[in-house]
Amino acid sequence: MKIPKEHPRAESLRVRERLLEHYKMGVVAHAGLIAHGRGEAFDYLLGEKTTKPALQAIKTAAAALLTAKHPMISVNGNAAALVADDIVKLAGVTGARIEVNLFYRSVEREKAIERVLREAGATEVLGIGEDASARIQEIGSERRRVDPRGILIADVVLVPLEDGDRTEALVRLNKKVIAVDLNPLSRTAQLATVTIVDNIVRAMPTLAKIAKELKTEDQEKLKEIASGFDNKRTLGETIDLINQQLTKLAEKGTYISLLEMSNI
Ligand code: PTJ
């Protein structure tokens with residue numbers, strides 16, 4: 001579908017089109033489209049912008065990836081469809097390896113996602129087919145199947161669009177989990193070590209950029225940044241921002257544009 005440039009929701013429609021295209025290519029799961037809708041609702045409440053708490057979480061995430069021994073980026077259908085280029089960039093800057101790990105698993109989808117990542121410039125993609133030969137018993141879903149060179153031995157794992165069970169299991173295994181999730185109330189958001197409450201289409205390019213800027217800092221400074229973060233407090237600040245937006249709306253008792261909301 002051709003989206004008119006002047007359409008007030010053009011960017012949001014372009015993202016939807018991208019997901020639909022990738023759904024047809026077998027990259028995105030049926031449920032990935034539903035998950036995106038839920039994300040959009042929260043994005044609206046956040047004013048469709050990267051908030052201050054999100055930026056702080058992004059900086060922490062960049063420092064955590066840059067100081068990790070085995071940093072990993074776990075990729076699912078939605079992430080591959082929307083931010084494959086940024087995933088590859090971030091991997092290049094931080095030395096993280098990329099692993100495909102799906103909730104709705106099939107070898108066809110794994111291969112379709114691998115293709116998208118390789119087209120974006122990835123030279124290595126873990127977790128495809130028999131490569132996911134290890135099992136994390138603590139995880140109930142198909143996500144338990146992991147690559148022994150990747151998520152299994154990782155100390156820091158970035159998980160865009162995640163389900164709570166895996167986050168909980170990975171944290172219990174002493175891994176630092178960095179989640180990107182627009183819903184600050186989700187189990188993933190609440191259980192992760194660092195939660196970036198932002199749309200992946202904004203969060204991932206920003207994360208790659210900040211990681212590049214921080215790369216020249218010494219390791220001690222980066223460790224300080226990575227450890228001085230309180231996830232619960234930062235989530236609280238985000239929920240407070242949503243609250244402020246809603247209060248403002250309620251006071252006006254009328255429609256206010258997203259632009260006005262983002263100035264709150
Ligand atoms: O590709 P697969 O098979 O691994 O499946 C992926 C989905 C997303 C279907 C699967 O992980 C799933 O069912 O996820 P959930 O439990 O629906 O959670 C998805 C979370 O991501 C929700 O809390 C959404 O608010 C959030 N979300 C959706 N779109 C975005 C988002 N967060 C950031 N950016 C988005 N664009």
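Author: Happy to! Let us begin with Glu-11, which is partly exposed, with a relative accessible area of 48%. Please keep in mind that this is a predicted model. The partner of Glu-11 is Arg-14: the two form a salt bridge whose closest N and O atoms are 3.2 Å apart. Arg-14 has a relative accessibility of 40%, so this residue also counts as partly exposed. Both belong to helix α1 (residues 10-24), and because they are three residues apart there, about one helical turn separates them.

Now compare a pair that links separate helices. Arg-202 and Asp-43 meet through their side chains in a salt bridge, at 2.7 Å from N to O. Asp-43 sits in helix α2 (residues 30-45) and Arg-202 in helix α8 (residues 200-214), so this pair ties together parts that are 159 residues apart in sequence. Arg-202 and Asp-43 are both buried.

A further salt bridge joins the side chains of Asp-147 and Arg-149, with an N to O distance of 2.9 Å.

As for the overall tally, a search of the whole structure finds 16 salt bridges. The general idea behind such pairs is that side chains of opposite charge can pair when their charged atoms come close.

Note on methods:
Residues numbered from 1 in each chain as written. Predicted model: local features only at pLDDT ≥ 70, side-chain atom pairs only at ≥ 80, totals over all residues. Heavy atoms only, no water. Salt bridge = Lys/Arg side-chain N within 4 Å of Asp/Glu carboxyl O. Helix = DSSP H or I, 4+ residues; strand = E, 2+ residues; numbered from the N terminus. Buried < 20%, exposed > 50% of the residue type's maximum accessible area, 1.4 Å probe, protein only.
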